[in-house]
Amino acid sequence: MSERKLLLGNDAMAHGLVESGCSVVASYPGTPASEILSGVALWRERYGVPMHVEWAVNEKVAFEIAYAAAQSGLRAATAMKQVGLNVASDPFMSAAYLGVTGGFVVISADDPGPHSSQTEQDSRLTAMSAKVPVLDPDSPNQARELIATGFELSEAFRVPVMLRPTTRVCHANQDILPGPVAPSERTAAFVKDPTRWAATPVFRHKLHLELEEKLAGIAAWEPTAPRLLNPGVSSRKALVASGVAAAHAREVLEDLGLRDVLPLWQVVQPYPLHTAFVERLLADYDEILVLEETTGVMELQLADRHRVKGKRSGFVPEVGELSPELVERLVAAFAGIAAAPSVAPPTGGGRRPTLCPGCPHRASFHAIKRAAPKGIYPSDIGCYTLGLNLGGVDTVLCMGAAVSQAAGFYHAYKLSGQVPDIVATIGDSTFFHAGIPPLIDAVVQDARFVLVILDNATTAMTGNQPTPALGWGAGGVPTATVDMEGLVKACGVRFCRSGEPGNLPAFTALMKEAVAFARTDGLAVVIARQPCVVDRTYTGERPPKRAVRVSDACNGCRFCTTQFECPALVYDEETKRVVVDTLVCSKCGVCVDVCPRLAIEEVGK
């Protein structure tokens, strides 16, 4: 008999995948979705069920691996964050036409806010464009339950199905009674049908017509029909909500004493919106308040714009999360009653986000600025984006763009006749994810810049997941390894050297050598190799500890706190000098080589 468990939303979805008989799960880490795959690996081991679980090199590859399993008749899933869906959008669009044999669930975790993303885009819009049905959970337990619903829907209509949790679902905890787990009895059995699986444009037209028929059927599928959460309420006004906004609205109605006044409809399938539901809304209600994050997807499917209050009408904000406080104000205004006065969140105080004490990236950026002080610094997606605090990051666009943009800056300035030093930075996991194709292009087009691959032997920003170079995968399963230097050289790079940024003098000299090569000979790659200081999974050798102190030679110039910005170095306003916070210091010792007055010295030397 199952026991109740307090589960993180991502762990709850992971359990839902295992208990639903999913056989293949592939993912690339990205907050807020990162823990889903690691949770699947944990439950797989605990229950002893045979599954293939992998961290793929990127979201497109993860999607295609899982989709092939669904073509073979197995239940399969892929998980990613909303910007990861951009990377997987090509197969996502095509898979909707081709369909599936086994159930296929695409988990795309959105980040309204945003809290940890470049955008707060709405994955439901991408699903609408692809003509893929979407399920929108309001809580960790409903997300777990909708996994099973998603597989059933996928198999009933032979289409991929998107499950779209948001940050507040992924990272909330809930007391859950999980379902039983049993090994899947399905076996892979791919049935060849080139007119479907390898369809040419003439067949794609036919598949598109079939897809439209499927969507019409999905818009009438009873298991995902909207639910009236307070039946028996009679009013000419109604609330329609999906996702976390539905959970907030349910509580707000209780708090405002409106549960018996305003009907509340929860929509678990915002696309396609059920046809009969749309007809009922327009027949029964004069005013309709639509609450959804982040875009008005349900609004777009309601024909009568005059009676709908939402994002398109300007009643509901189009940007940011729908917090409980905001939902309360919106519902109160819709009902014509006063809401509790809003309390402004506290402002000020605290330290801005910065790299960890002892982070090797801090030393890398310092060396880059010394080697190319007037350079242009394109960068990428990762914790090293915080190099912008150090003046070592000028651009951040998307995964892999540091390499492409560095080439773009080179070609643009070459036309002007004067090329500055260009030093791009990219993490090791991001390099494997999206940096290789633009590196090949840069070599072929003779773009001349320095690419620094910040190799800290992990995918640090999302929870220390493995990279292809480490030799282990999801759940610690051994894997083959990829030789980064060999890969770089195979791309045609003639200058490829590695160094340890913690040895700042030697690494700075290497950076200067690379910059000089790029000015006259071509693209140079420097691999800054030193493990993440907080990665507990790392088992290799680490640099020796070097305790430091600040001597009387410190004159309070603050060079170390502003240009190096180590959290362990603190300016004392009373003494007008810098001191070492020994509770924070990681004893990397790099700051010894940073101080221009040599006022930071190693203890015992």
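# Loops, strands and enclosed spaces

Visitor: In which loop is R158 found?
Guide: Helices (H or I, at least four residues) and strands (E, at least two) are DSSP runs that are numbered from the N terminus. On that numbering, R158 is found in the loop between α7 (140-157) and β7 (161-163).

Visitor: What kind of model is this?
Guide: Residues are numbered from 1 along each chain as its sequence is written, and side-chain values use heavy atoms, with hydrogens and water left out. Local features need pLDDT of at least 70 and side-chain atom pairs count only at pLDDT 80 or more, whereas totals for chains, interfaces and linings use all residues, and the model is predicted.

Visitor: Is R158 buried, partly exposed or exposed?
Guide: Most residues other than glycine have a negative phi. R158 has a positive phi, near 60°. Buried means under 20% relative accessible area, exposed over 50% and partly exposed in between (1.4 Å probe, protein chains only). R158 has 40% relative accessibility and therefore counts as partly exposed.

Visitor: What is the phi of K131?
Guide: K131 has its place in the loop between α6 and β6 (134-135). This residue is other than glycine and has a positive phi, near 65°.

Visitor: What is omega for the cis peptide bond that joins G113 and P114?
Guide: Most peptide bonds are trans. P114 lies in the loop between β5 (104-109) and α6 (123-130), and for the cis bond that joins G113 to P114, omega is about -20°.

Visitor: Which residue in β3 stands opposite S27?
Guide: Two strands pair if DSSP finds at least two bridges between them, and 4 bridges join β2 to strand β3 (residues 52-55), the two running parallel. From strand β2 (residues 24-27), V24 and A26 point one way while V25 and S27 point the other way, and all are buried. Within the β3 pairing, the residue opposite S27 is W55.

Visitor: Through which helix does the chain cross from β2 to β3?
Guide: A crossover is right-handed if, with the strands pointing away from the viewer, the path from the first strand over the helix to the second runs clockwise. This β-α-β crossover is right-handed, and the helix through which the chain crosses (residues 35-47) is α2.

Visitor: In β5, which residue is the bridge partner of T78?
Guide: Strand β4 (residues 76-81) is joined to β2 by 4 bridges and runs parallel to it, with A76 as the bridge partner of V24 and A77 opposite V25. β4 is mostly covered, with 6 of its 6 residues buried; A76, T78 and M80 point one way from it, and A77, A79 and K81 the other. A further 6 bridges join β4 to β5, again in parallel, and there the partner of T78 is V106.

Visitor: How many disulfides does a search of the whole structure find?
Guide: A disulfide is a pair of cysteine sulfur atoms within 2.5 Å. The sulfur of C359 has its closest cysteine sulfur in C383, at 5.7 Å, which is too far for a bond. By relative accessibility, C359 counts as buried at 12% and C383 as partly exposed at 21%. For the whole structure, the number of disulfides found is 0.

Visitor: Which helix gives the most to the lining of the largest pocket?
Guide: On a 1 Å grid over the protein atoms alone, a pocket is an open set of points with protein on both sides within 12 Å along at least five of seven lines, a cavity is a set where a 1.4 Å probe fits but cannot get out, and lining residues have an atom within 4 Å of a point. The largest pocket holds about 730 Å³ of space, and of its 40 lining residues the closest to the centre are Q118, I381, M399, T430 and M461. α4 (82-87) and α17 (428-444) each supply at least two lining residues, and the helix that gives the most, with 6 residues, is α17.

Visitor: How much space lies in the largest cavity?
Guide: Grid points are joined across faces, edges and corners, and a volume is the space filled by probe spheres set on the points. The structure holds 4 cavities of 30 Å³ or more. The largest is lined by 14 residues, of which C554, C557, C560, V578 and C595 are closest to its centre, and its space is about 100 Å³.
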